[in-house]
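Subject: Structure handover

Hi,

Here is the structure we talked about. Please have a look before reading on; my notes follow below it.

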Amino acid sequence: MHRPLDLRHVVSPGLRDLIELANTHDFDRVTEQVRNLRGCTSPVNLHGWTVTTDSTTKEVVRSYRSEDEPSGRLLTTCGNRRASRCPACSRVYAADTYHLIKAGLSGGKNVTETVRDHPRAFVTLTAPSFGPVHNRKTDSTGKTRPCGCGAHHAEDDQALGTPLDPATYDYSGAVLWNAHAGQLWARFTTYLRRALAEHLGMTQKALNSALRVSFAKVAEYQMRGLVHFHAVIRFDGPDGHTTPPPSWATFDTLQVAVSLAVERARLTVESDAIGERVIKWGDRFKVDQISALGDGELTDAKVAGYVAKYATKNAEGAGTVDRTLMCRPCQGRGYVRGPDGFRDLCDDCEGTGQAEPIKALPVQQHVRQMIRTAWDLGNLPEFAALKLWKWAHMLGFRGHFSSKSRAYSTTLGALRDVRRAWRLAQAEAARARAGIPANDENTTLVTASSWTYLSSGYRPGEELLAAQVRQDTAHTQRLKQEGLLPA
């Protein structure tokens, strides 16, 4: 009979827990479960079961219960796309986005390869100015020009993007632009089609019967705290990527239409407190042709890699925080309804509505003022639908970071289904190696399951195992970059 280990002398909780796990009856399974997460920083803990049965014989083909795990729970990846939250899951998201974008440029993933011959453009749309900011401009020779303040800023200067005169900077306009950027993009796509019809001298109906406009876009934060959009726009025939566009649908036509749509796409926001604001695009926008031959400045792979990189970013590029500041118990109101129906001060935020005091956030003053402005605007009834309390940490932006038209290419869901099918095939191969007969192709299988969310995160000992997985992954990536391992 083994005496239990005396772990009182072990100071580290993680090491103590790891030793306890190592003395369980199936430590190999604990390690396997953690390794299968590939370094996920905050896995989802589930409790439940799944059973697959033969619909004819009612025989149980396979079954699984989380209770049979050494820890009594199943760990799955968090799936967070943000690199600041989970580098491991964001890498998977970035890879999926890369293949999604590239398929719409080069073909593959059920998209015909002839799309590379369609007119395609990489479009960048920016926000207007809300006041002069510190910048780092260069001339045609690459020489740095002085900023409006007279200084030559370094690339990592914290002053870049901040107002030259914070007292006159239009913070309300900046926050409202971020909050309406998603709607402005939707209006741009509508005006783009109208501009095409006008430029070509056609009706909207005639244009839609001869041409389809497909796109995919991603949002990126500038250093001044405003989002701008990078988009791939492609001309297709009336049936989508399987048909070529008409000969008159050229890159030059697309370039003209983008210019008209940028000028005409506008939203008007009215408020008694801050007056009228016109939400429009900035004067600086770019329409670059994507090379079909693979030897130009903007190749399919470069554009796909560029979009995928920004698909995993968040507002942290602007120096803000990556978590909501809204107190969840009171939903940012600062009060809760008591049993008697009257308002009671929220104990969690002490009436501020903020999960963390804005004045205590570790951010620079410009970002803090944008957050504070978003919070103050959220108190105005005319802006209640914008949910600015919830999105104050995003400096007001509440749209999707990446989106695409339906016919552009495949979907992220389809890519996940392919990955899931590959894992199932691997599992079936493992069953075959173990001597377990494969399922008859004519057999109909029925799966039933029930799962409950428990929590997120690791046990202290599991966190040590996950840290080792992350270190091994980083080491492997370094070896690939150095050419010591095949890419």
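A search of the whole structure turns up 19 salt bridges. Here a salt bridge is a side-chain nitrogen of Lys or Arg within 4 Å of a carboxyl oxygen of Asp or Glu. Please note that this is a predicted model: local features need pLDDT of at least 70, side-chain atom pairs count only at pLDDT 80 or more, and totals for chains, interfaces and linings use all residues. Residues are numbered from 1 along each chain as its sequence is written, and side-chain values use heavy atoms, with hydrogens and water left out.

Salt bridges

Side chains of opposite charge can pair when their charged atoms come close. Buried means under 20% relative accessible area, exposed means over 50%, and partly exposed is in between (1.4 Å probe, protein chains only).

R323 has two partners to look at. It meets D322 at 3.8 Å, N to O. It also meets E356 at 2.5 Å, N to O. The R323 and E356 pair links distant parts of the chain, 33 residues apart. R323 sits in the loop between α7 (300–311) and β10 (335–337), and E356 in the loop between β11 (343–345) and α8 (365–377). Helices (H or I, at least four residues) and strands (E, at least two) are DSSP runs, numbered from the N terminus.

How exposed are these side chains? R323 has 30% relative accessibility, so it counts as partly exposed. E356 is at 24% and therefore counts as partly exposed too. D322 has a relative accessible area of 16%, so it is buried. Through shared partners, salt bridges join R85, D322, R323 and E356 into one network.

Strand β4

β4 covers residues 120–125. Of its 6 residues, 6 are buried. In a regular strand the side chains alternate between the two faces of the sheet. In β4 both faces are covered: R120, F122 and T124 are buried on one side, and A121, V123 and L125 on the other.

β4 has antiparallel pairings with two strands, β6 and β9. Two strands pair if DSSP finds at least two bridges between them. With β6 (residues 227–236) there are 6 bridges, and T124 has H230 as its bridge partner there. With β9 (residues 285–289) there are 5 bridges, and V123 stands opposite V287.

A159

A159 lies in the loop between β4 and α4 (171–200). Its relative accessibility is 22%, so A159 counts as partly exposed. Leaving aside neighbours within four places in sequence, A159 is in contact (heavy atoms within 4.5 Å) with H134 and H153. A159 and P362 are 203 residues apart in sequence and 16 Å apart in space, C-alpha to C-alpha.

The cavity

How many cavities of 30 Å³ or more does the search find? It finds 1. On a 1 Å grid over the protein atoms alone, a cavity is a set of points where a 1.4 Å probe fits but cannot get out, and lining residues have an atom within 4 Å of a point. The largest cavity has a volume of about 30 Å³, a volume being the space filled by probe spheres set on the points, with points joined across faces, edges and corners.

Its lining is W185, F188, T189, L192, V213, S214, F215 and I233. α4 gives the most, with 4 residues. α4 and β5 (212–221) each supply at least two.

Best wishes

Terms used: On a 1 Å grid over the protein atoms alone, a cavity is a set of points where a 1.4 Å probe fits but cannot get out, and a pocket is an open set with protein on both sides within 12 Å along at least five of seven lines; lining residues have an atom within 4 Å of a point.
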